[in-house]
Amino acid sequence: AGLQMAALSMQGQKDRAAFIRAFTGSHRFIIDYLADEVLRRQSPDMRDFLLQTTILERFCAELCAAVTGQTDARLRLETLERSNLFVIALDDERRWYRYHHLFADVLRVHLQQEKADTVKVLHQRAATWFEADGAREEAIRHALRGEDFERAAELIEKAWKQMESQFQDQLWLEMARKLPPEVTGRRPVLLADLGWAHLSGGDLEQAEKYLARVEKLLDSASNKSPAKAGLIILEEQQYRHLPASMATAHAYLAQTKGDFSGSIQHARRALDSLSEKELLQRGPAAALLGLAQWANGELDAAYQSISRAMQDFQQVGNEEFALSGIYGMADIRLAQGKLGEAFQIYKSALKRISRPGRKDIIGSADIYLGLADLYREQNNLPTAREYFHKSAERGPVLGLPDWPYRYHLARAKLKLAEGDLESALQLLGEAEEKYFRSPVPINRPVAALRALVWLRQERLNEVGDWLQQISPAAGDKPNFLTEFTHLIRARYLIARFKHLGDDTAAHEAAELLGRLHEAAETGRRYFSLFEIRLQQAVLLDAQSEPSVAVTTLQAALSPAKPEGFVRLFADEGPALAPLLETALEQGLYTDYVKQLLAACKSGTAPGSATAAIQSPLVETLSDREMEILRLVSRGLSNSEICGQLYISLSTVKGHNRNIFGKLGVQNRTEAVARARELGLI
């Protein structure tokens with residue numbers, strides 16, 4: 001009746017969409033109908049039961065009994081379901097239920113009108129029950145709504161360790177932000193967790209504020225017990241580890257800000273304060289030490305530090321953290337020119353996570369992504385696409401926090417290999433949007449890769465303008481983090497000489513390449529050394545010194561051949577072909593040079609196999625479908641989505657079918673991957 005009256009009223013509305021959006025349980029037609037026809041017909045006990053349980057987004061008999069104090073809750077639920085009173089089952093066992101959304105809205109309105117003073121108590125009872133049942137997130141939610149902030153703070157603090165190990169830092173932070181400052185201010189461990197959560201999200205300024213508060217509390221309690229200092233400590237061991245945690249956090253901050261020596265100092269201080277047996281606490285500090293060494297160009301030392309950290313994590317059974325450094329280890333080996341070892345690192349990790357019976361692990365998407373990029377380097381593009389697809393299937397749920405950035409970056413390099421330069425630029429732009437500050441060294445920044453594509457497009461003005469805006473300047477001393485940008489400058493100068501006959505540019509390029517060669521050779525960064533020698537050969541060839549050019553090219557080909565590097569050379573495009581043909585005429589590495597020549601001259605235009613996924617949606621997803629799609633991307637099962645949105649299992653399955661049809665996919669993982677491609681999530 002209420003719906004019919006609303007439909008009649010809607011006929012007079014100019015903006016029907018707005019009317020429908022506003023059509024909730026607070027709407028007068030629904031309130032009047034349900035209040036008169038349903039609520040007033042219930043017995044006082046049943047009415048109280050309905051009003052008190054409306055604070056619950058999902059409920060079972062035991063929970064209802066705990067909240068209402070009524071011992072016959074199961075019978076009441078059976079009566080409501082049998083009477084078809086807006087109760088919907090959420091599982092096949094008919095244990096968990098929810099109220100219809102419109103009915104729940106009506107009940108809440110009446111609860112506020114008639115029993116507002118009981119709402120906090122009801123939420124507190126629900127929090128107690130959920131905590132005992134092990135449903136920590138729901139316990140936290142009700143504790144916050146019941147303004148039982150001390151209990152909420154305790155639950156949130158206890159939840160950190162598990163949620164952080166599953167890379168749910170930001171979900172945890174959403175809950176922790178709802179605590180009043182006066183509650184968090186006496187809890188140094190919780191404040192430290194807040195600092196780490198902000199670090200993980202790239203909010204360095206906010207993280208520093210929380211860390212400063214922790215250190216102030218520790219100073220105030222330095223000569224007395226925590227209790228006498230007015231501090232609340234849940235676990236003595238966590239409190240004891242706070243100095244090491246603070247040192248590790250400062251290592252993270254220093255590394256992210258580019259203070260690598262400071263990062264190394266803080267990381268070593270953290271390690272010195274921990275025993276060899278405290279592996280879980282040592283792992284982050286060792287990993288940060290490795291990242292700082294990596295940024296400094298100390299590649300062997302960095303590899304050893306990160307490898308040790310991953311072994312520590314694996315030894316204590318934290319597989320997610322143990323996978324988090326795999327791509328760093330592989331990248332270091334690649335920088336050292338060891339493509340084969342980089343492959344082996346990823347394949348060993350893949351074998352480890354693919355054992356029968358193993359559950360999906362966060363970080364597995366990054367393993368597939370790393371392999372995809374290595375296959376691209378070998379110019380095995382079909383296999384690279386296959387692994388990109390596998391990574392895209394898993395990434396939204398099983399990728400590390402920076403997976404979206406690295407995924408778009410790697411796909412841009414694949415597009416470059418395919419000759420689709422415009423798509424490469426678009427993907428680089430998307431990678432830039434996904435990037436957030438972290439301690440992971442970036443020695444090939446997006447802006448430099450974009451300039452590389454511009455050079456392929458012969459857009460010298462854009463490259464020149466970019467080089468004028470940035471540092472390092474031409475005369476700066478090259479290091480690991482700047483040498484690729486310097487190399488872009490050298491490429492630009494060579495292009496000016498080739499296209500404009502600028503002799504000064506040729507001289508500057510030769511001088512810059514000489515300094516880059518010396519720095520890379522000293523640091524044993526052989527991947528960069530291959531690139532530098534290649535550019536030296538290109539410059540010499542442009543200066544009409546073919547014999548010296550081929551000799552220089554040979555110095556790059558000789559160590560690159562056994563490792564199987566192809567795109568390193570082929571991404572120079574057809575312009576490299578004449579020099580390779582000269583090398584072929586001289587009988588240098590005949591099979592390898594033929595492979596490079598073929599790769600240089602190939603490259604599919606837009607419209608290749610991967611272009612099909614760029615087509616837009618035929619039919620737009622509804623708001624509810626988008627909501628469910630986002631939950632699917634977070635890895636929630638259908639049953640968990642039922643609990644989150646308080647809708648029935650059949651309703652979720654129906655929405656899934658609609659989503660799959662609109663996206664043109666067959667399953668959940670394909671849906672998430674497709675949605676990522678379209679920028680929907």
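Q: What makes up the largest nonpolar core, and which residues have the most contacts inside it?
A: The largest nonpolar core has 231 residues, and Tyr99, Trp172 and Phe569 have the most contacts inside it. To count as a nonpolar core, a set must consist of buried Ala, Val, Leu, Ile, Met, Phe, Trp, Tyr and Cys residues joined through side-chain atoms within 4.5 Å. In soluble globular proteins, nonpolar side chains tend to be buried together. A word on the source: this is a predicted model, where local features need pLDDT of at least 70 and side-chain atom pairs count only at pLDDT 80 or more, while totals for chains, interfaces and linings use all residues. Residues are numbered from 1 along each chain as its sequence is written, and side-chain values use heavy atoms, with hydrogens and water left out.

Q: Which residues does tyrosine 99 touch?
A: Leaving out residues up to four places away in sequence, tyrosine 99 touches Phe49, Leu50, Thr53, Thr54, Phe59, Leu80, Phe86, Val87, Ala104 and Leu107. Contact here means heavy atoms within 4.5 Å.

Q: Where is glutamate 278, and what does its side chain reach?
A: Glutamate 278 sits in the loop between helix 17 (260-272) and helix 18 (279-295). Helices are DSSP runs of H or I with at least four residues, strands are E runs of at least two, and both are numbered from the N terminus. The glutamate 278 side chain reaches the backbone nitrogen of serine 275 at 2.8 Å. Setting aside neighbours within four places in sequence, glutamate 278 is in contact with Arg240 and His241.

Q: How do you know whether phenylalanine 167 and serine 544 are buried, exposed or partly exposed?
A: Phenylalanine 167 comes out at 24% relative accessible area and is therefore partly exposed. Serine 544, at 61%, is exposed. Phenylalanine 167 lies in the loop between helix 10 (149-165) and helix 11 (169-176), and serine 544 in the loop between helix 31 (526-542) and helix 32 (546-563). Though not a glycine, phenylalanine 167 has a positive phi of about 55°; serine 544, not a glycine either, has a positive phi of about 65°.

Q: What makes helix 14 roughly antiparallel to helix 16?
A: Helix 14 (residues 204-220) and helix 16 (residues 242-256) pack at an angle of about 150°, with axes 11 Å apart. Angles over 145 degrees count as roughly antiparallel, under 35 as roughly parallel, 65 to 115 as roughly perpendicular and the rest as oblique, so helix 14 is roughly antiparallel to helix 16. The axes are lines fitted to C-alpha atoms over the stretch in contact, and angles run from 0 to 180 degrees between N-to-C directions. Among the residues that meet are Leu204 and Leu211 in helix 14, and Leu242 and Met246 in helix 16.

Q: Why are helix 27 and helix 29 called roughly parallel?
A: Helix 27 (residues 446-456) and helix 29 (residues 483-500) pack at about 20°, with axes 10 Å apart. That angle is why helix 27 and helix 29 count as roughly parallel to each other. The contact includes Ala448 and Leu452 of helix 27, and Phe484 and Ile488 of helix 29.

Q: How many helices and strands are in the chain, and how much of the chain is buried?
A: The chain has 39 helices and 2 strands, and buried residues make up 53% of its 681 residues.

How values were computed:
Polar contact = N/O pair within 3.5 Å; in protein donor to acceptor, adjacent residues only side chain to side chain. Buried < 20%, exposed > 50% of the residue type's maximum accessible area, 1.4 Å probe, protein only.
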